[in-house]
Amino acid sequence: MESDAQLVGRAQSGDQEAFAELIRRHSARVFRLAVSILGREFVPEAEDVAQEVFLKVHHGIASFRGEAEFSSWIYRITFHQAVNLKSRVRFRNPHADETVLQQVATLEPGPDRLVETAQREQAIAECMATLPEVYQAALRLYYWLDAGVGEVAMLLDVPENTAKSYLHRARQLLQAMLKEKGYSHE
Amino acid sequence: MSERETREAEIESLLRRSMAAPVPSLPPNFDERVLRELREDSQKRERYRRILAAGYGLVSAVTCATIMRGQGLNWGAIGVAILVPLVLVAIVPLARRASHAGLPHGAK
């Protein structure tokens, strides 16, 4: 199997098939990274980000000199693209609190308990939104997208120990914020 | 279990519960969609490049003609002065491509 570097070399000389192979290899991870930054309300936008990333990579591939891994380069582009989009779509974010509360309040078993759970989840979402982007992405990759620490590290382009410390620090910060809001999870 | 470990286990389970949602994935035709988009994009760029080059050539030719006419040159000389470089610009890449195509594979 050809390495990324070989495929990049072929793509730089105009081989579209080599570029298509690079897309096939990296598209799923690019999408996972994008969706981990944008969150589950913005899955279609994450798809657009993934597409936009490959268009950017195609335009810029001639200037890629291979000083870093191709994957690091593409994940860095994805991160910035998704963070930029997030700052634009944040204001479109529906206020989930009321809709969630309305939904759960109509459910049969233990509505009080469900409302309480929904409120707590809303509190978690609010606290998460105040965390640095890398912490949010690490948490979503690990807890939502079932990524291992290795994948978190690779996508965020950091060593594994740093990824572990992102997760640890993010949990600590969340815990402190939830406590401050009066949500103890015992 | 220490109190710290208990707290960590609690936030861990809280996060797992609050993020329990289906894992999204890309549609199966994503690769083709991107490749199609890339093809359309490069066609569009090529078209813009040609329009830009043609516009630039036209403006240059008109400017040169105006200046040369202002210097008193007749239209025949102006036509030759403008057309000769343009013909050369068109012929040189064609000639290069033709000689490249004539070479054996290993000689490229």
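1. Helix α2 of chain B is hardly covered in this predicted model: of its 41 residues, the count of buried ones is 2. The helix runs over residues 30-70 of chain B, and its end C-alpha atoms lie 59 Å apart. Just after α2(B), Gly72(B) adopts a positive phi of about 95 degrees.

2. Is Arg36(B) buried or exposed? Arg36(B) is exposed, because 11 other C-beta atoms lie within 10 Å, and a residue counts as exposed at 12 or fewer. Between Arg36(B) and Leu26(B) there are 10 residues in sequence and 16 Å in space, taken from C-alpha to C-alpha.

3. Chain B as a whole contains 3 helices and 0 strands, in the order α-α-α along the sequence. The radius of gyration of chain B is 32 Å, whereas the globule rule gives 13 Å for 108 residues; the chain is therefore more spread out than a compact globule. Along the principal axes, the C-alpha atoms of chain B fill a box of roughly 100 × 45 × 30 Å. Buried residues account for 6% of the 108 residues in chain B.

4. Chain A is also described by helices: the secondary structure comes to 9 helices and 0 strands, and the elements run α-α-α-α-α-α-α-α-α from the N terminus on. Of the 186 residues in chain A, 34% count as buried. Among contacts in chain A between residues at least 6 apart in sequence, 59% join residues at least 24 apart.

5. Helix α3 of chain A has 18 residues, and the distance from its first C-alpha to its last is 26 Å, close to the 26 Å expected at 1.5 Å a residue. Its buried residues include Ala46(A), Val49(A), Ala50(A), Val53(A), Phe54(A) and Val57(A), together with Glu47(A), Gln51(A) and His58(A). What do the buried residues of α3(A) pack against? Their partners are α2 and α4 of chain A, together with α2 of chain B.

6. Helix α4 of chain A covers residues 70-89. With 20 residues at 1.5 Å each, the helix should span 28 Å, and its end C-alpha atoms are 28 Å apart, which agrees. Among the buried residues of α4(A) are Phe70(A), Trp73(A), Ile74(A), Tyr75(A) and Phe79(A), and also Thr78(A), Gln81(A) and Lys86(A). The cover over the buried residues of α4(A) includes α1 (4-12), α2, α3 and α8 (149-156) of chain A.

7. The largest nonpolar core has 53 residues, and those with the most contacts inside it are Ala34(A), Ala50(A), Ala138(A) and Val152(A). Helix α2 of chain A, residues 16-38, gives the most to this core, with 10 residues. Leaving aside residues up to four places away in sequence, Val152(A) touches Ala138(A), Leu141(A), Tyr142(A), Ala147(A) and Ala163(A).

8. How many residues does each chain bring to the contact between chains A and B? Chain A contributes 27 residues and chain B contributes 21 residues. On the side of chain A that touches chain B, the elements giving two or more residues are α2, α3 (43-60), α6 (111-130), α7 (133-144) and α9 (160-180) of chain A. By class, that side of chain A has 15 nonpolar, 5 polar and 7 charged residues.

9. The model scores ipTM 0.71 and pTM 0.75. Chain A has a mean pLDDT of 85, with 87% of its residues at 70 or more. Chain B averages a pLDDT of 85, and 92% of the residues score at least 70. Within chain B, confidence is highest in α2(B), at a mean of 91, and lowest in helix α1 (residues 3-18), at 81.

10. One stretch of chain A calls for caution. Over residues 95-105 of chain A, pLDDT stays under 50, and the model has 14 contacts beyond four places in sequence for this stretch. Where pLDDT is low, the predicted coordinates should not be read in detail.

Conventions
Residues are numbered from 1 along each chain as its sequence is written. Chains are lettered from A and ligands numbered from 1 in the order in which they are written. This is a predicted model: local features need pLDDT of at least 70, side-chain atom pairs count only at pLDDT 80 or more; totals for chains, interfaces and linings use all residues. Helices (H or I, at least four residues) and strands (E, at least two) are DSSP runs, numbered from the N terminus. The expected span of a helix is 1.5 Å times one less than its number of residues. A residue is buried if 20 or more other C-beta atoms lie within 10 Å of its own, exposed if 12 or fewer, and partly exposed in between; C-beta atoms are placed from the backbone. The radius of gyration is taken over C-alpha atoms; the globule rule is 2.2 Å times the number of residues to the power 0.38. A nonpolar core is a set of buried Ala, Val, Leu, Ile, Met, Phe, Trp, Tyr and Cys residues joined through C-beta atoms within 7 Å. Two residues are in contact if their C-beta atoms, placed from the backbone, lie within 7 Å. Ala, Val, Leu, Ile, Met, Phe, Trp, Tyr, Cys and Pro count as nonpolar, Asp, Glu, Lys and Arg as charged, and the others, Gly among them, as polar. pLDDT is the predictor's confidence in each residue, from 0 to 100.
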